[in-house]
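Please walk me through this structure in the viewer. Tell me what to select at each stop and what is found there.

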Amino acid sequence: MARAANKNIQAKLVLLGDMGTGKTSLVLRFVKGQFYEYQESTIGAAFFTQVLSLNEATIKFDIWDTAGQERYHSLAPMYYRGAAAAVVVYDLTSMESFVRAKKWVLELQRQGNPKLVMFLVANKADLPDKRKVSAEEGEQYAKENGLSFLETSAKTAQNVNELFYEIAKKLAKAQPARPSGLRLHNRQERRRGFFCCST
């Protein structure tokens with residue numbers, strides 16, 4: 001098992017969701033450990049990288065944080081195409097953002113990579129008194145659609161690192177160890193019996 005620990009995986013991860021749900025805040029909290037009370041709206045998309053080391057693999061995330069405004073919606077496929085993981089974010093104080101999150105999930109299920117690791121994230125868990133979407137509602141929807149679910153707060157850092165570690169673990173599990181080595185091995189198997197002459 002020791003050799004599997006050297007597994008290096010580069011994974012494209014995309015964040016989708018309505019404007020103001022806290023996508024950029026989640027990424028900044030994860031990548032830089034920072035939180036800004038007033039975060040400028042993302043224009044188009046922002047790009048970040050972060051490396052996570054697990055026992056079984058090292059994951060280098062290429063993170064695309066997409067803009068939530070409707071006018072940028074048509075650009076989204078450019079960012080989620082070829083993504084290994086997607087995080088669909090809604091604001092638990094806004095039912096409207098939850099409805100939009102469901103639309104993103106449907107779009108990803110139709111257009112995205114069939115092996116996509118998908119998380120539904122209810123952000124702003126630090127505002128329980130303003131909650132409009134119950135944890136049960138989010139969890140139920142995630143379960144029905146084969147998604148993983150977490151409630152987070154970019155402000156207090158609740159579950160933010162856990163979110164990315166869970167994604168990393170799922171990606172490490174999904175990625176076979178050294179696939180090219182396996183293919184070569186199979187090819188040699190078929191050729192066994194030819195002991196003649198090195199070419």
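## Salt bridges around R100

Start by selecting R100 and E70: in this predicted model, these two residues form a salt bridge, with the closest N and O atoms 3.4 Å apart. The pair links distant parts of the chain, since R100 is in helix α3 and E70 in the loop between β3 (58–66) and α2 (76–80), 30 residues apart. E70 is exposed, with a relative accessible area of 54%. R100, by contrast, counts as buried at 13% relative accessibility.

D18 is buried, at a relative accessible area of 15%. With D18, E70 and R100 shown together, you have a network of salt bridges. A search of the whole structure finds seven salt bridges.

## K124 and D91

Next, select K124 and D91. Their side chains meet in a salt bridge, 3.3 Å from N to O. K124 lies in the loop between β5 (117–123) and α4 (135–144) and D91 in strand β4 (residues 85–91), so the pair ties together parts that are 33 residues apart in sequence. Which of the two is buried, and which is partly exposed? D91 counts as buried at 8% relative accessibility, while K124 is partly exposed at 23%.

Stay on K124 and look at its backbone. Phi of K124 is near 75 degrees, a positive value in a residue other than glycine. Most residues other than glycine have a negative phi. For another case, select A157, which has a positive phi of about 75 degrees although it is not a glycine. A157 lies in the loop between β6 and α5 and is partly exposed, with a relative accessible area of 31%.

## Two residues at 0% accessibility

Select T152, in the loop between β6 (148–151) and α5 (160–174). T152 counts as buried, at 0% relative accessibility. What does T152 touch, not counting residues up to four places away in sequence? Display L26, V121, A122, N123, K124, A125, Q158 and N159 to see these contacts.

Now move to V89, in strand β4. V89 counts as buried as well, at 0% relative accessibility. Leaving aside neighbours within four places in sequence, V89 is in contact with L15, L16, G17, D18, T21, K23, L26, A101, V121 and N123. To check a distance, pick the C-alpha atoms of V89 and E151: they are 9.6 Å apart in space, and the two residues are 62 apart in sequence.

## The two sides of helix α4

Select α4 and look down its axis. G138, Y141 and A142 of this helix are buried. The buried residues of α4 fall within an arc of 100 degrees, so they line one face of the helix. An α-helix has 3.6 residues a turn, so residues three or four places apart point the same way. On the other side of α4, E136, K143 and E144 are exposed. To see what covers the buried residues of α4, show β4, α3, β5 and β6, which are among the covering elements. Past the helix, select G146, which follows α4 and has a positive phi, near 65 degrees.

## Where α3 meets α4

Finally, show α3 beside α4. Two packed helices are described by the angle between their axes and the distance between the axes. What are these values for α3 and α4? The helices pack at an angle of about 10 degrees, with their axes 12 Å apart. That angle makes α3 roughly parallel to α4. On the α3 side, the contact is made by M95, F98, K102 and V105; on the α4 side, by E137, G138 and Y141. These residues divide into four nonpolar, one polar and two charged. G138 and Y141 are also among the buried residues of α4, which ends the tour.

Key:
Residues numbered from 1 in each chain as written. Predicted model: local features only at pLDDT ≥ 70, side-chain atom pairs only at ≥ 80, totals over all residues. Heavy atoms only, no water. Salt bridge = Lys/Arg side-chain N within 4 Å of Asp/Glu carboxyl O. Buried < 20%, exposed > 50% of the residue type's maximum accessible area, 1.4 Å probe, protein only. Helix = DSSP H or I, 4+ residues; strand = E, 2+ residues; numbered from the N terminus. Contact = heavy atoms within 4.5 Å. Arc of directions from axis to C-beta. Axes fitted to C-alpha atoms, helices over the stretch in contact; angles between N-to-C directions. Parallel < 35°, antiparallel > 145°, perpendicular 65-115°, else oblique. Nonpolar A, V, L, I, M, F, W, Y, C, P; charged D, E, K, R; others polar.
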